[in-house]
Structure formats: structure tokens, C-alpha cells
Amino acid sequence: MQEKPRKTFAIISHPDAGKTTLTEKVLLLGGSIRSAGTVKGKKSGKFATSDWMEIEKQRGISVTSSVMQLHYDDTQINILDTPGHQDFSEDTYRTLTAVDTAVMVIDCVKGIEAQTLKLFKVCRMRGIPILTFINKLDREGKEPLDLLEEIEETLDMETYPMNWPIGMGKRLKGIYSIPDKTVEVFDEEEDRKVIPLEEADMLEDYERETLEEEKMLLEEAGNTFSAEKVQQGRMTPVFFGSALANFGVQSFLDQFVSLAAEPQPRKASGSYVPPESSNFSGFVFKIQANMNPNHRDRIAFLRVCSGSFERGMEVKLSRTGKKMKLNQSHSFFASERETVEAAMPGDIVGLYDSGNFQVGDTLCTGSELIQYEEMPQFPPEKFAKVTAKNALKHKQYHKGMEQLVQEGTIQLYKTPYFEDYIIGAVGELQFQVFEYRMKNEYNVDIEFQHMTHELARWVRKGKVDEGMTDSRKMLVLDQQKRPVLLFENDFALRWFQDKHPDVELATGWEIL
Ligand code: G4P
């Protein structure tokens with residue numbers, strides 16, 4: 001049987017832009033869920049982080065690690081969840097290394113927001129194609145042309161509108177499809193209705209004129225569509241709609257199926273491995289621990305990159321050369337887990353892990369061991385000094401620290417000379433997980449001293465020394481012993497740069 005093509009994507013958005021609502025509507029269209037309210041991602045944001053473990057217990061794995069699946073138009077679409085709010089962590093970034101396309105959801109009232117920008121950076125770094133859904137058209141938002149300009153200027157990416165709003169908020173009448181020259185009529189009471197523009201009698205003369213003017217403007221001053229630029233992430237097709245009103249979602253999904261990228265050759269050990277290679281390969285992009293507190297239940301999330309995966313197959317772990325049999329493999333849908341018998345490039349498989357895997361590990365078959373590109377290190381924004389409460393437990397403390405750092409749970413920095421431990425994370429949740437796992441897996445109670453620093457800058461050039469550490473900045477060394485300056489805020493950073501023009505700093509995104 002011919003396998004369905006795969007389209008694997010994640011949504012990049014700021015909390016409240018409508019990621020959960022859009023995901024839900026897309027799953028409904030694919031028949032994967034029957035009613036709204038099934039996708040739980042968002043609700044986690046309503047809990048305090050301290051409740052996280054309890055939530056994990058109640059909900060299985062749905063808080064931090066859903067992989068959803070739907071079948072649409074003869075395509076298998078895999079959606080990887082990117083948790084935000086208090087659940088935001090390095091895993092959110094890492095998930096983006098496992099997708100082939102990103103869908104950027106923007107609230108038309110707010111435009112591009114902070115978290116969207118952060119996640120966008122990962123996509124840019126990896127050249128991932130981005131499709132944009134401008135949401136909440138039923139609200140009075142920014143002018144559509146201004147939104148396009150904002151995307152172009154903030155993200156340095158060309159835009160190509162696939163449809164165009166006719167009115168907005170209370171005046172919303174429909175959206176005009178640019179490729180089809182049809183109008184999807186906005187009527188919350190009625191079923192979806194798509195008609196040729198000429199037959200759109202509900203449009204007032206002025207609405208028709210405005211649409212004609214804007215269409216002309218787009219034709220004359222807008223960009224020319226380039227599939228190549230879209231694939232390289234240099235142009236984003238833009239869709240307008242309302243996820244909540246289920247307006248424009250189906251036309252988005254229809255286009256998504258053709259515009260989203262299929263699994264591409266991936267760089268490993270200096271060359272590109274095509275997905276159709278006869279050898280199986282994949283990499284671990286996330287490890288989820290203690291999903292079931294009664295067992296040491298750890299799941300490594302593997303993105304299949306080439307060949308085919310079969311349950312029970314024997315593979316090699318490239319980092320160690322060790323052979324292993326993959327007997328326990330799962331797929332995930334919200335809080336349910338199912339055993340996976342086979343998977344293709346683009347698919348995500350959850351592997352039971354008894355402590356063998358690290359984030360970034362490659363698994364493969366074939367005579368040659370290959371290693372997929374290293375997982376990027378993401379610049380942390382939260383820091384804490386950490387010590388063991390009971391000094392007698394220093395052995396377990398160091399062991400736990402070493403393993404959790406290797407696994408990618410948290411980032412570790414040390415002060416020069418005294419070698420105080422400073423942990424760094426992109427989100428508060430990582431501290432909570434770290435604390436919980438140190439206690440449950442290594443039996444060590446740890447003490448945090450939260451720091452006020454929130455910017456890390458790697459020293460690329462110039463001399464720095466510990467004398468530079470003061471109340472607003474601190475010199476530390478990363479795991480590779482590279483000097484890193486932690487700053488309290490932007491002001492402290494700029495002040496330092498003025499004082500030390502000879503010191504060249506990098507954000508981490510640039511050098512790692
Ligand atoms: P997120 O996952 O990106 O955080 O956003 P989510 O989908 O949960 O949506 C955030 C809020 O925005 C929700 O309202 C949701 O109903 C609303 N929303 C989503 N899409 C649209 C849209 O197209 N138009 C309008 N007007 N609102 C939209 P809430 O009141 O915060 O949550 P809820 O109680 O309705 O779940």
C-alpha cells in the first residue's frame with residue numbers, strides 16, 4: 001500500500017493568539033476529534049507552575065508533549081504542540097527542530113508578539129518554511145496592509161497574501177481568495193459558503209471598491225509568489241481568518257496541504273540524508289521524564305528522518321555505537337498513548353527510555369553511523385544559583401546534575417574559581433522539572449536562589465575577568481568553558497557595551 005505523504009508542523013504563536021482554537025478546528029476538519037474542548041494545551045497556562053507535576057499526573061502527557069495527527073486530502077498531517085505560558089521551556093524550541101513547516105498564528109489586534117518572535121528565530125535558523133494565519137478577523141484589528149508590513153519589517157521576510165479580508169470586526173463580510181477569485185462569506189449562523197466574486201451580492205458598492213483598490217495595490221506593489229522562497233522560509237503565504245468562528249480555516253488547510261514542506265533531506269555527518277534512503281534514521285528532540293510517577297517512565301521523542309521505522313527493529317545509537325532493540329514505541333494523541341508498529345519520515349515516535357538517550361541523539365541502521373546536526377543551545381533567560389540542601393549528598397547531587405544537564409533538562413554554568421553552580425533555563429517550568437527530578441530520581445533536595453539576571457551574552461572577542469562581576473552583571477563559564485556574561489537587563493548590557501567597546505558579545509543564537 002502506498003503510504004500517505006507526511007506534513008509535519010508546529011504552531012508558533014504568542015499565548016492567546018488562538019493556537020489551541022486553530023488546532024482544534026483543524027483536527028475537527030480531519031475527523032481526529034469530534035468536539036471542541038478536546039485539545040488541552042492551553043488550559044495548562046491557567047495553573048501555577050508549582051502545580052505542574054500534579055497536572056502531569058492527572059493528564060498523562062498532554063501538558064508538555066502532545067503530538068497530534070490528522071488525515072486530510074490524502075495526506076497525513078502531524079502537529080507537534082509547542083507549549084507556551086508557564087509550560088514554555090527549551091522543549092518548545094527543540095520541537096521546532098523536528099518539524100518541516102511552521103504555522104505562525106498572529107492575533108490581528110496585537111500583531112507580532114514576543115513569544116512568536118522567539119520561536120520564529122528557531123525557524124529562521126533552520127530555514128523552515130512558515131505559513132501565516134492572521135487570526136481573530138471578527139475583531140477590529142490592525143489594517144491588513146499594516147500587518148503585512150509588520151511581518152516584512154520585523155521578520156525580514158516577504159509576504160504573499162493568499163486571501164484578503166472584506167471588512168473586519170463587526171464589518172466583516174468575507175474573505176476573498178486570491179488564487180480562486182472567490183469569496184468565502186462570513187455568516188456565523190450559516191454553513192460555509194464560497195461563491196464567485198461576481199455573485200457576492202451582499203457586498204455594498206464601497207466594499208467592492210475597497211476590495212478592488214486593495215487587490216490592485218497588492219498586484220502592483222506586492223510580491224510575486226515564489227514557491228522556492230516559501231520553501232526557504234524567505235516568503236510567507238498569509239491567510240486571514242477567524243479560528244473561533246471556523247472562518248477561513250478550511251481554505252487554509254486546503255492550501256496548507258500543498259504549500260507545507262514534505263520531509264526534506266537533513267544534514268548529518270557533513271552530508272544530506274534523503275528521507276527515501278533505505279536505512280532508517282532519526283533523532284531524539286525531547287525527553288519527557290516521570291510521566292508516570294509509579295515507574296521510572298521516560299519517553300524519548302524521536303523524529304523519523306529516513307527509511308522506515310518498525311517496532312522491534314534493531315538500531316544503533318550513534319553517540320556510543322551501542323545496538324538496541326526498539327520494542328516499546330508509542331504514538332501520542334492528547335492524553336492517549338498507542339503502540340506504534342511502523343512510522344515514516346516526518347512521523348514522531350515515542351520510545352520508552354531507561355536512561356540511554358540524550359536530547360540530540362541519532363538512531364540509525366546501516367553499516368555507517370550517522371549523526372544529525374547538533375541540537376542548538378538556546379539562550380536562557382532565567383537563572384538561579386543552586387546548592388544541595390544536605391551537603392552530605394554531594395555525590396548524588398553531582399551525578400544528578402550531570403545527567404540532567406546531559407539530557408537537556410537544564411543548562412549549567414559555573415562561576416570561575418569558586419565553581420558555584422548556576423542553572424539557566426528559557427522558562428520557569430524547567431526549574432520545577434529539575435527540582436522534581438533531583439528529588440525523585442536522585443533523592444536530593446535542592447535549594448534555589450533565583451537571580452535577577454535575564455540576558456546571557458557569550459564573549460566572542462576581547463578580555464573579560466571576574467572583576468567585571470557586580471550587582472548587575474556576572475561572569476560565568478558554560479559547559480564548554482566559554483565565558484558568558486549574564487546581565488540583569490538591557491540597560492546593564494548597553495552600559496557594559498559603552499564601557500567596553502573592545503568586547504564583542506553574541507546572543508547565543510549566533511554562535512552556537
Ligand atoms: P492559545 O492557544 O494561542 O493560547 O489561544 P486559544 O486558542 O486558547 O485562544 C485564546 C482566546 O482567544 C480564547 O478565548 C479563544 O476563544 C479566543 N479566540 C481564538 N480564536 C479567536 C477568533 O478567531 N476570534 C475571537 N474573537 N477570539 C478567538 P478565552 O476567552 O481566553 O478562552 P475560552 O474561555 O474561550 O477558551
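Residues are numbered from 1 along each chain as its sequence is written. Because the model is predicted, local features need pLDDT of at least 70 and side-chain atom pairs count only at pLDDT 80 or more, whereas totals for chains, interfaces and linings use all residues.

The domain assignment of the chain, with bounds from an automatic or database domain assignment, gives domain 1 (6-36 + 60-162 + 226-259), domain 2 (266-364) and domain 3 (382-506). The centres of domain 2 and domain 3, taken over C-alpha atoms, are separated by 30 Å. Five residues of domain 2 are in contact with five residues of domain 3, contact requiring C-beta atoms, placed from the backbone, within 7 Å. On the side of domain 2 that touches domain 3 there are three nonpolar, two polar and no charged residues; Ala, Val, Leu, Ile, Met, Phe, Trp, Tyr, Cys and Pro count as nonpolar, Asp, Glu, Lys and Arg as charged, and the others, Gly among them, as polar.

Seven strands form an open sheet of mixed pairing, in the order S2-S3-S1-S4-S5-S11-S6. Helices (H or I, at least four residues) and strands (E, at least two) are DSSP runs, numbered from the N terminus, and two strands pair if DSSP finds at least two bridges between them. Strands S2 (67-72) and S6 (158-161) stand at the edges with a single partner strand each, so one side of each is left without a neighbour in the sheet. From one strand to the next, the twist averages 30°. S2 is joined to the antiparallel strand S3 (residues 75-80) by six bridges, and Met-68 has Ile-79 of S3 as its bridge partner. Helix H5 (residues 144-155) lies across strand S5 (130-135), S6 and strand S11 (235-240), and runs at about 150° to S6; axes are lines fitted to C-alpha atoms, for helices over the stretch in contact, and angles run from 0 to 180 degrees between N-to-C directions.

Around the ligand are 17 residues, of which Lys-19, Thr-20, Thr-21, Ser-242 and Leu-244 come nearest; a residue is near if its C-beta atom, placed from the backbone, lies within 6 Å. Helix H1 (residues 19-29) gives the most to this shell, with three residues. By class, the shell holds five nonpolar, six polar and six charged residues.

Strands S17 (residues 314-317) and S18 (residues 322-325) pair in the antiparallel sense over four bridges, with Leu-317 opposite Lys-322 in S18. Their hairpin has four residues between the strands, and Gly-321 takes a positive phi near 80°. S17 also pairs with strand S23 (residues 362-364), in the antiparallel sense over two bridges, where Leu-363 is the bridge partner of Leu-317.

Technical notes:
Two residues are in contact if their C-beta atoms, placed from the backbone, lie within 7 Å.
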